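Dear colleague,

I am passing on the structure below, followed by notes on what came out of going through it. Please read the notes with the structure open beside you.

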Amino acid sequence: MIEARHLRVLRAVASTGSFSAAARELGCTQPAVSQQMKALESSAGTTLLVRLGREMRLTQAGEVLVRHAAGILAGLTAAEEEVAAIAGLRAGRVRLVSFPSGSSTLVPTALAALRAAHPGTRVSLVDAEPPRSVEMLREGDCDVALAFRYGPGGAAEDWDDLVVRPLLTDRLVGLVPEGHRLADAGQVGIGELAEEAWIAGCPRCRRQLVEVCESAGFVPRIDFATDDYPAVIGLVAAGLGVAVLPELAMESVRPKGARTVTVEPAVQREIVALTLPDLAQVPAVAATLDQLALAAAR
């Protein structure tokens with residue numbers, strides 16, 4: 001196998017005309033140059049240099065190798081510089097996928113801080129809810145996935161193969177119209193809403209709500225289904241039903257015409273950042289995870 005260090009020595013010998021002059025240029029000894037040339041000729045399987053008087057000349061094979069060496073060494077140098085830039089966070093790319101309420105709250109703060117600290121690092125963002133976002137991570141379509149899971153420890157989610165960075169615990173809050181009988185209650189038992197019409201999300205998103213309601217002895221009557229949080233608030237404000245939304249979602253919208261109430265028993269979701277074990281070692285990915293954690297702590 002031809003090694004880059006051997007090619008550098010060959011170029012030095014070709015340009016200076018002797019082992020001793022090449023050794024001075026490279027800052028090594030003449031025997032070291034001679035040994036490396038022997039190793040290169042052994043790898044190439046042919047003679048690369050011949051002595052003519054006091055000068056070393058390239059054979060036809062040596063000329064071919066020197067001609068290609070220029071491009072090979074230039075490419076290696078460029079690659080080394082690019083890798084060094086990525087390792088030093090002077091360059092790099094991170095593909096981030098996040099669920100909507102995370103994209104509107106945690107992500108902007110994290111990415112603004114990341115850009116300020118490492119302006120050479122580029123981050124792209126795509127919206128996706130788990131489990132699709134987790135699938136994208138495993139399929140190589142993103143580097144970091146902002147996700148969530150319900151219940152103690154999120155036992156229903158299989159993330160054993162991933163690096164899980166816990167960020168925060170997000171509680172679901174109740175949302176009722178301003179003129180609702182419970183608008184000023186502050187704290188409401190879920191059973192007190194048994195006779196209400198509900199606005200809820202997709203079947204997966206509403207699973208926790210349905211389970212909590214069933215544990216309180218009733219099945220919620222879901223009249224409207226939407227995952228759009230402003231739409232949920234608009235429907236509640238119009239007096240068309242009640243809902244529960246994550247506190248994180250409420251940070252980025254104004255519940256005009258609706259009131260938030262604390263619902264018991266508490267329903268919480270764990271917000272996490274996920275990546276693959278190998279990706280966790282990439283400096284730009286690690287920096288993104290750190291900034292997400294800082295944004296969640298604010």
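How many helices and strands does the secondary structure of the chain come to? There are 11 helices and 12 strands, where helices (H or I, at least four residues) and strands (E, at least two) are DSSP runs numbered from the N terminus. Please bear in mind that this is a predicted model, in which local features need pLDDT of at least 70 and side-chain atom pairs count only at pLDDT 80 or more, while totals for chains, interfaces and linings use all residues. Residues are numbered from 1 along each chain as its sequence is written, and side-chain values use heavy atoms, with hydrogens and water left out.

Overall dimensions

The chain has a radius of gyration of 32 Å, whereas a compact globule of 298 residues would have one near 19 Å; the radius is taken over C-alpha atoms, and the globule rule is 2.2 Å times the number of residues to the power 0.38. Along the principal axes, the C-alpha atoms fill a box of roughly 105 × 35 × 25 Å. Of the 298 residues, 42% are buried (buried means under 20% relative accessible area, exposed over 50%, and partly exposed in between, with a 1.4 Å probe and protein chains only). Among contacts in the chain with a separation of 6 or more, 70% come from residues 24 or more positions apart, a contact being heavy atoms within 4.5 Å.

Nonpolar cores

The largest nonpolar core has 42 residues, and those with the most contacts inside it are Leu 106, Val 144, Leu 146, Leu 167 and Trp 198; such a core is a set of buried Ala, Val, Leu, Ile, Met, Phe, Trp, Tyr and Cys residues joined through side-chain atoms within 4.5 Å. Helix H11 gives the most to this core, with 7 residues. Leaving aside neighbours within four places in sequence, Leu 167 is in contact with Leu 106, Leu 146, Ile 271, Val 272, Ala 273, Leu 292, Ala 293 and Ala 296. Apart from this core lies another, of 18 residues, among them Ala 22, Val 33, Met 37 and Leu 49.

A search of the whole structure finds 2 cavities of 30 Å³ or more. On a 1 Å grid over the protein atoms alone, a cavity is a set of points where a 1.4 Å probe fits but cannot get out, a pocket is an open set with protein on both sides within 12 Å along at least five of seven lines, and lining residues have an atom within 4 Å of a point. Grid points are joined across faces, edges and corners, and a volume is the space filled by probe spheres set on the points.

The largest cavity holds about 300 Å³ of space, and of the 22 residues that line it, the closest to its centre are Gly 201, Cys 205, Tyr 229, Val 244 and Pro 246. Strand S10 (243-246) is one of the elements that supply at least two residues of this lining, and its share, 4 residues, is the largest. By class, the lining divides into 14 nonpolar, 4 polar and 4 charged residues (Ala, Val, Leu, Ile, Met, Phe, Trp, Tyr, Cys and Pro count as nonpolar, Asp, Glu, Lys and Arg as charged, and the others, Gly among them, as polar).

The second largest cavity has a volume of about 60 Å³, and its lining includes Leu 172, Gln 208, Val 244 and Pro 265. Helix H8 gives the most to this lining, with 3 residues, and the lining has 8 nonpolar residues, 1 polar and no charged.

The largest pocket contains about 160 Å³ of space, and Leu 106, Asp 170, Glu 247 and Arg 298 are among the residues that line it. Strand S6 provides the largest share of the pocket lining, 3 residues, and the lining as a whole has 5 nonpolar, 3 polar and 4 charged residues.

Backbone details

The peptide bond from Glu 264 to Pro 265 is cis, with omega near 0°, and Pro 265 lies in the loop between strands S11 (258-264) and S12 (268-275). Another cis peptide bond joins Pro 130 and Pro 131, with omega of about 10°. Leu 89, in the loop between helix H4 (60-87) and strand S3 (93-98), has a phi near 60°, a positive value in a residue other than glycine; Leu 89 is buried, because its relative accessible area is 14%.

With best wishes
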